Amino acid sequence: MKKKMLLGLSLTVLLVWTGSALAAPKGKVVMGFAGSVRTFDPHRITGFPLNNHYPLVFDQLVFRNPEGKIVPKLAKSYRTVNPLLWEFKLQEGVKFSNGEDVDAHAVKFSLERIVNPKLKSRQISFFRNIKKVDVVNKYTVHVHLKKRDMFFLPPLSQYGQIVPPKYYGSKKLKYLAKNPVGSGPYRLKKWKGKFEFHYEAHPNYWDKNNLPQIKTVVVNIIPEPTTRMAALVAGDIDFADSVSPQLIAMAKSNPDVKVIAVPSSRTCYLYPIIKKGAPWANVKVRQAVNYALDKNVLVKTVLEGYGRIIATNVGPDSYGFNPALKPYPYDPVKAKKLLAEGGYPNGISTEIWMPLGRYLKGKQVAEAMVSMLGKVGIKAKLKVAEWGVVKKRMRARWKPKVKSFLRMGCRMDSNLHSEHMYAGTIHSRSTWGGFREKWMDNLIDDARSEPDDAKRLKKYQEVNRVIHEKAIMGFLYQQHQIVAINKRVNYKPRTNGFVLAFELGLK
């Protein structure tokens, strides 16, 4: 009799615990984002906005926790067998939302799909070092590399989404762009026009430690900051990202709205296209730019305090950060002197290109920089244009007839790693960079291939020292991540800046 009573009590406790821990998602949240995605085929594009969408539908082998640490996801464990071979042991019994198995064959298909030249994936820049992928057994996969690469794992926490082979191998790209299938916590139920996404929680999501709390999530793309904030204040949305400092007062006009601002790894800089014969080819001229820019004014006045000055384009949250480096101080007298020593005593005329509405108070920052540079003899004409126009200009930057220019950029270090910042701005292979030197490529590649953790960290810190000394760009600041939410929503910022609906809750 006692055994039966104990068994019944145990079952009751289990049911109560299970009902609490695995409570079904409920409620609805409407979010307003500034940026969108052009396709839901997860292997074709790059860009920060996709980080708020793809993790809802797809899973990766590894992911970052809110504190920024890489943790297992679909891979329950991973290891380096040798410097050219990674082994991943997969979670067992996981299925995609269409019923296909998440197994080694799916991993092989997904990674090989990214590096297949026929797909023309922009993500190939992160995974071009993959030589082949072997299926060891149903839940074990080996990834062979062409050369040693200690930066192989971080991009897998952002890209490398695992997809069902039969589905993605049989559908046309145009269809896959609108009809994604993954193993993630949500399903894309409707994509209305270009700017409205409806997600529904997966009723049987496999990761019981990260179950979504909210059943329905609607994401509205509202590029214009004031319109986005007006929608939040009016109660039309519950969450607004990329809040401009001047709109914080507007947000607080509604007592049900809360503003959250935290430092982020989105790093802003002014960088020259360094071509042979251009003024920027002289290190003293580049150093002059750094001494001419008053970073304190930019952060305290233009950004209203919502930023932090850093010494290079790699900040304190990123691997390889060099704490010994100090920001260039504001010294216009020294800037003029360096400009003259660099062969330009009468100054320089140039252009500053900046994409419209892409960065926090970007136009105002650029206007302030034009004024600062003008005071030391660098006469800059500001060219503010739509992103497509700026992109076209950047793609033509190395053509002989295109004059060298300056460009303001802000890159989110979503991989929290120096290598990610070099890949975007410093390395010769960088998509948008203005620097092409083999000796720098060699320094970066040497650090990336170093297997010893302590030695690798020192090598990255040395690369950052050289970047600072050579003044390869005008180093500015890291802008804060500012969001505004309805107080009924629970939200905690992530170190990598992702805003993930499955981490939200309702009070």
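**Entry 1: strand S17**

How many of the 13 residues of S17 are buried? I looked up S17 and found that 13 of the 13 are buried, so the strand is largely enclosed by the rest of the structure. Buried means under 20% relative accessible area, exposed means over 50%, and partly exposed lies in between (1.4 Å probe, protein chains only).

I note the ground rules here. This is a predicted model, where local features need pLDDT of at least 70 and side-chain atom pairs count only at pLDDT 80 or more, while totals for chains, interfaces and linings use all residues. Residues are numbered from 1 along each chain as its sequence is written, and side-chain values use heavy atoms, with hydrogens and water left out.

Next I checked the partners of S17. Helices (H or I, at least four residues) and strands (E, at least two) are DSSP runs, numbered from the N terminus. Two strands pair if DSSP finds at least two bridges between them.

- S12 (residues 257–272) pairs with S17 in the antiparallel sense over 11 bridges. Valine 259 sits opposite alanine 484 of S17.
- S13 also pairs antiparallel with S17, over 3 bridges. Here isoleucine 309 has tyrosine 477 as its bridge partner in S17.
- S11 (residues 239–240) runs antiparallel to S17 and is joined to it by 2 bridges. Phenylalanine 239 faces isoleucine 485 in S17.

**Entry 2: helix H11**

I moved to H11 (residues 295–302) and listed its buried residues: Lys295, Leu298, Val299 and Val302. Why do they line one face of the helix? Seen down the axis of H11, they fall within an arc of 115 degrees, so they line one face. The arc is that of the directions from the helix axis to the C-beta atoms. On the other side of H11, I found Lys300 and Thr301 exposed.

What covers the buried residues of H11? The cover includes helix H10 (283–292), strand S13 (307–309), H13 and strand S17 (474–486).

I then looked at the ends. Aspartate 294 caps the N-terminal end of H11, with a side-chain oxygen 3.2 Å from the backbone nitrogen of asparagine 296. Just after H11, glutamate 304 has a positive phi of about 55 degrees.

**Entry 3: a β-α-β unit**

S14, helix H13 (residues 362–376) and S15 make a right-handed β-α-β unit. Right-handed means that, with the strands pointing away from the viewer, the path from the first strand over the helix to the second runs clockwise. S14 (residues 348–355) and S15 (residues 378–385) pair in the parallel sense over 8 bridges.

I found serine 121 in the loop between helix H3 (104–115) and helix H4 (124–127). Is serine 121 buried or exposed? Serine 121 is buried, with a relative accessible area of 5%. Its side chain reaches the backbone oxygen of histidine 43 at 2.4 Å and the backbone nitrogen of glutamine 123 at 2.9 Å.

Threonine 46 is 75 residues from serine 121 along the chain, and their C-alpha atoms are separated by 8.6 Å. Threonine 46 is in the loop between strand S1 (28–33) and helix H2 (54–57). At 18% relative accessibility, threonine 46 counts as buried. Its side chain makes a polar contact of 3.3 Å with the side chain of arginine 122. A polar contact is a pair of N or O atoms within 3.5 Å; within protein, one must be able to donate a hydrogen and the other to accept it, and residues adjacent in sequence count only if both atoms are side-chain atoms.

**Entry 4: aspartate 207**

I placed aspartate 207 in the loop between strand S9 (196–201) and strand S10 (216–221). Aspartate 207 is buried, at 8% relative accessible area. Which side chains does aspartate 207 join in a polar contact? Lysine 73 is one, at 2.8 Å. Asparagine 210 is another, at 2.8 Å.

Notes. Contact = heavy atoms within 4.5 Å.
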